[in-house]
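Please work through the exercises below with the sequence and the structure open beside you.

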Amino acid sequence: MTRSARIALARPLRRLFDYSIPDSLTLSAGQRVQIPFGRQLATGLVVDPDATPPEGVKLKPVHRIFEAWPALPPETLTLLSWAADYYQHPLGECLFLALPPALRRGQPAQRRARSLWRLNANDPDRLATNARRQRELVSWFGQQAGPVDTAAVLRAGFSRAQLKALTDKGLVSETSAALTAPGPDKERAALPPLTNAQKSAFMDIPAGSGQFSATLLYGITGSGKTELYLHYLQQYLATSRQALVMVPEINLTPQTVTRFERYFGTRIAVWHSALNDRERLDTWLRIRDGEPVIVIGTRSAILLPFTSLGVIVVDEEHDSSYKQGEGFRYSGRDLAVYRAHLNRCPVILGSATPSLESLHNVNRGKYRLVRLEERAGNALPPRIRLLDIRSRPLQDGVAVPALSAIRECLESGRQALVFVNRRGFAPVMMCFDCGHMAECPRCDSRLTFHRRDRAMRCHHCDYQTAALDHCPKCHSAAFKPVGHGTERTEESLAAHFPDVPVIRVDRDSTQRKGSINDILTTVNSGQPCILVGTQMLAKGHDFPNVTLVLVINADGGLFSIDFRAPEHLIQTLLQVSGRAGRGEHPGKVIVQTCHSDHPLLQTLCSGHYLTLAEQLLNERSQAGFPPFRAMAILRADGPAMTDSLQFLDAAKQRFDDPRLELWGPLPALIARRADRHRAQLVVLSDHRPRLQQMVAQVCQQLDATRHNPRIRWQIDVDPWETG
Ligand code: ADP
Ligand code: ZN
Ligand code: ZN
């Protein structure tokens, strides 16, 4: 009897392919094979090595195996199969996403030797007296737990040339990886002791040995969550085990990696989108080979082939970057919890502003809540004050009392942080004669004016055009920017405070490699300065000398139709506020608003996030929104809105079950984007299994039916964006 296998290919198809297995081969699940596909050879992944061959079909044989071991170890395979089903994304695409690009392309799974460096002599006097950075590099080496790799040196802000200078002088030399498992005692010695509050939180977290547990660590900003993670790993992670620490973004917060590296040395590996293919392959293989690495990674790190995972940490678990916004729309946080289940290991979700989903899981007894409500050291939580700007004159968006507060802050030698929720100079260009506003020709949206590049850009597609100084409709010269983006605020503050640096932090100013490091160097020097930036500034930074935070406008999220908007607004405001007063000096937060009597903002000032979150959960419960009901959105886009709506109308008929509630189809909030007309159908249910079943069934049917070929559709289970 012929043996056959079911194999997944990197194709957007909700199906697998059958191949016969030649006598010479034994296959296992997760293994990488080469198979004939069409006229070519393709890379495949074995899903079932012991399938029943379909009747009456002559199968082609598997051509060869790439390696004897399964590229995807059992738990990774189980996780991905579960996720493909849950999010209704083609299994083949999900599995291949978990391979590094080189292995997807069929290249060999070979590791490159890693260059590691160790300090030979802590003797900076061998260096020229004016070689400041080289001397600093010697002292940096002295602080490390053991040898370090080149990437760690670069991450710490040093250059290859400086490293070479040290090796030339014999201060540092190359060493081989085999010698470098860092001793646990050395790590332990280096960690600062926990504060009393941290100790008691630590005792509340279930011990990490051989059992699943899920903990939601609610720790206010600056309470030392990172310190707790470090202690937890040190205490419970066996030296032979792997760990995963998930973070929203690595490039913006390189200090987090540095903090882990200081204690765990070469056990640390990073995983994020800026790695090149070679780095991806090397790191992936270290993990697959079972090295006891501690991976610090962004969302996709949850798909890595861990073989002996002992602990998972998800830092800033509320962050929206954990949800993939396109293609395989998984939530990295939710997969982390499932993965911990599979591995019978603890998972810690940490945040100062936990998601309502996670708090709901605490209320249902699924997660344990651990609270850490004191800041580390002498730091006090910042005071938040609302500044109503309805009848106050603004100077380029900033009210006079806010300007005085900035002045006072700078004069006392401290730093101020100004939060603006959009980048560019101004979100709108408007003619004051005829009322015309510059719009994107391809989207239903206005163009943002970027003064620095003299361009008008669409933030929803890649359209851009040279900035105009006359109205294109009536040729009036009164064609002017309206509203405030980061560039404009930067410019006006620079004019008000000519003697201090004004540093802008947004997607535009941080594009260049290394620019975030330059910014952090200036801020960490502690000299008075003003930081102006977007969301980016809210993410986990530790700026000890920032004592004032100013929020230019808090009102965007107050009246949005997105049911998550109030939650996100509060989280962002508390996270930015959390950047103030983390050092010895108390922090102050000023929030400019036109709605100072709004209950949400009022409660924000009283400052207790958990109270606020319970209120929001109540509202969600009454409205029947997630997390109280399961939700999925079927989206369609096409060259005309009628076609998109028609497609969804037809799809709606297929969701025929009284336990489902259907909303729509309706045009999306931005109905036209890049010339595609977008519509959506919302599916809600009290009964998650039924919703999952119906969604799976409808996706299968939509795949199998012929429909308007110009329509593209996607399903989004547990959507984070509902516009
Ligand atoms: P969070 O992640 O909760 O915002 P961090 O872990 O970044 O807080 O800690 C805030 C600051 O307090 C950091 O500068 C950190 O080094 C310091 N810190 C936290 N815990 C301790 C401790 N036990 N001893 C000394 N410093 C600490
Ligand atoms: Zn005009
Ligand atoms: Zn556009």
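**Exercise 1: the surroundings of Thr-353**

The side chain of Thr-353 makes a polar contact, at 3.5 Å, with the side chain of His-318; a polar contact here is a pair of N or O atoms within 3.5 Å, where within protein one must be able to donate a hydrogen and the other to accept it, and residues adjacent in sequence count only if both atoms are side-chain atoms. The model is predicted, so local features need pLDDT of at least 70 and side-chain atom pairs count only at pLDDT 80 or more, while totals for chains, interfaces and linings use all residues. Residues are numbered from 1 along each chain as its sequence is written, chains are lettered from A and ligands numbered from 1 in the order in which they are written, and side-chain values use heavy atoms, with hydrogens and water left out.

Task: Determine where Thr-353 is placed and whether Thr-353 is buried or exposed.

Solution. Begin with the chain: Thr-353 sits in the loop between strand E14 (346-351) and helix H13 (356-363), where helices (H or I, at least four residues) and strands (E, at least two) are DSSP runs numbered from the N terminus. Next, take the accessibility: Thr-353 counts as buried because its relative accessibility is 1%, buried meaning under 20% relative accessible area, exposed over 50% and partly exposed in between (1.4 Å probe, protein chains only). Finally, list the neighbours: leaving aside residues up to four places away in sequence, Thr-353 touches His-318, Gln-571, Leu-574, Gln-575 and Tyr-609, contact meaning heavy atoms within 4.5 Å.

**Exercise 2: helix H13**

Solution. After the helix comes Gly-365, which has a positive phi near 80°.

**Exercise 3: the shell around ligand 1**

Task: Describe which residues are closest to ligand 1 and how the residues of its shell divide.

Solution. Start with the shell: 17 residues surround ligand 1, and the closest are Pro-193, Gln-198, Gly-222, Lys-225 and Asp-542, a residue being near a molecule if one of its heavy atoms lies within 4 Å of it. The shell divides into 5 nonpolar, 7 polar and 5 charged residues, and helix H9 (residues 225-236) gives the most to it, with 3 residues. Then consider the backbone: an N or O atom of Pro-193 lies 2.9 Å from a nitrogen atom of ligand 1, whereas a backbone N or O atom of Gly-224 lies 3.0 Å from an oxygen atom of the ligand.

**Exercise 4: backbone exceptions**

Most residues other than glycine have a negative phi, and most peptide bonds are trans.

Task: Locate the cis peptide bond that involves Pro-627 and state whether His-475 is buried or exposed.

Solution. The cis bond joins Pro-626 and Pro-627, with omega about 5°, and Pro-627 is found in the loop between helix H19 (609-623) and strand E29 (630-638). His-475, although not a glycine, has a positive phi of about 60°; this residue is exposed, with a relative accessible area of 58%.

Terms used. Ala, Val, Leu, Ile, Met, Phe, Trp, Tyr, Cys and Pro count as nonpolar, Asp, Glu, Lys and Arg as charged, and the others, Gly among them, as polar.
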